[in-house]
Amino acid sequence: MTSNYDYRGNKRKKEHGLLVSIRKDILSFCKKENMEKDIFAHTIGLASWGSLENKLKRTKDDTDITITELLHIQELTKSHAPLKYMCEMFGFVMTSTETDEETTVEELNSLSDKAQMESNESWAEIKKASADGKFTVEEKEAMKKEAMEALEAKQKELNAIEKIVPVDIEEYEE
């Protein structure tokens, strides 16, 4: 049995910020690598730059970027900005599991200072927005932005702490 219900109207609108992030990464990559945009499109399996550009236009409802294409773009550009954008959309903080070399005292102090400054900015934004006892949409977005920046800074600090190799106390006292 077929329904007369037009389900196509249920489709979620394209996320403008995500499309901007993807486009920015592609254009930066093409400029840095001196690559033509058509060649980039061919590299990810599309016929032309126009095909990719249509997928990156918010107004084109009939052309969506696929997960496979997004992953391929991120592999090529070595940028995770679109993924970071999606994490922030849902209130998550993106962190890396890559292990670098040991954290130095200077690096940890710098990250700790940055985390405290970001936390202070978040606190100030919340105090400013709550002064009249009400929150506007703009205030809510500003508070979320500052809180997310504070979370990211704290996560970087925590990641750096994880990389610390403690000294053996007996060797240290000698």
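Q: Where is the place of K84?
A: K84 sits in helix α5, where a helix is a DSSP run of H or I with at least four residues, a strand is a run of E with at least two, and both are numbered from the N terminus. This is a predicted model, in which local features need pLDDT of at least 70 and side-chain atom pairs count only at pLDDT 80 or more, while totals for chains, interfaces and linings use all residues. Residues are numbered from 1 along each chain as its sequence is written, and side-chain values use heavy atoms, with hydrogens and water left out.

Q: And is K84 exposed or buried, or partly exposed?
A: K84 has a relative accessible area of 35% and is therefore partly exposed, the class between buried (under 20%) and exposed (over 50%), with a 1.4 Å probe and protein chains only.

Q: How many Å apart in space are K84 and L18?
A: Their C-alpha atoms are 9.4 Å apart in space, although the two residues are 66 apart in sequence.

Q: L18 again: which residues lie nearest the centre of the second largest pocket?
A: L18 is one of them, together with K14, E15, D64 and I65, out of a lining of 13 residues. A pocket here is an open set of points on a 1 Å grid over the protein atoms alone, where a 1.4 Å probe fits and protein lies on both sides within 12 Å along at least five of seven lines, and lining residues have an atom within 4 Å of a point.

Q: What volume does the second largest pocket have?
A: Its volume is about 300 Å³, taken as the space filled by probe spheres set on the grid points, which are joined across faces, edges and corners.

Q: How do the residues of that lining divide?
A: Six are nonpolar, one is polar and six are charged, where Ala, Val, Leu, Ile, Met, Phe, Trp, Tyr, Cys and Pro count as nonpolar, Asp, Glu, Lys and Arg as charged, and the others, Gly among them, as polar. The helices α1 (16–33) and α4 (67–77) each supply at least two residues of this lining.

Q: D64 was in that list, so to change topic: which side chain does D64 meet in a salt bridge?
A: D64 pairs with K11, with 2.9 Å from N to O, a salt bridge being a side-chain nitrogen of Lys or Arg within 4 Å of a carboxyl oxygen of Asp or Glu. Because K11 lies in the segment before α1 and D64 in the loop between α3 (49–55) and α4, the pair ties together parts that are 53 residues apart in sequence. Both partners are partly exposed, K11 at 43% relative accessibility and D64 at 34%.

Q: What is the count of salt bridges by this rule?
A: The count comes to 11 salt bridges.

Q: What about R23, which residue does it form a salt bridge with?
A: R23 pairs with E53, and the closest N and O atoms are 3.8 Å apart. R23 belongs to helix α1 and E53 to helix α3, so this pair ties together parts 30 residues apart in sequence. R23 is partly exposed with a relative accessible area of 24%, and E53 is partly exposed at 25%.

Q: And K55, which side chain does it meet?
A: K55 meets E69, at 3.1 Å from N to O. The pair links distant parts of the chain, with K55 in helix α3 and E69 in helix α4, 14 residues apart. Here K55 is buried with a relative accessible area of 13%, and E69 is buried at 9%.

Q: Backbone now: what is the phi of N34?
A: N34 has a positive phi of about 55 degrees although it is not a glycine. Most residues other than glycine have a negative phi. N34 is found in the loop between α1 and α2 (37–43), and with a relative accessible area of 72% it is exposed.

Q: What about phi of K78?
A: Phi of K78 is near 60 degrees, a positive value in a residue other than glycine. K78 is found in the loop between α4 and α5 (81–89), and this residue is exposed, with a relative accessible area of 67%.
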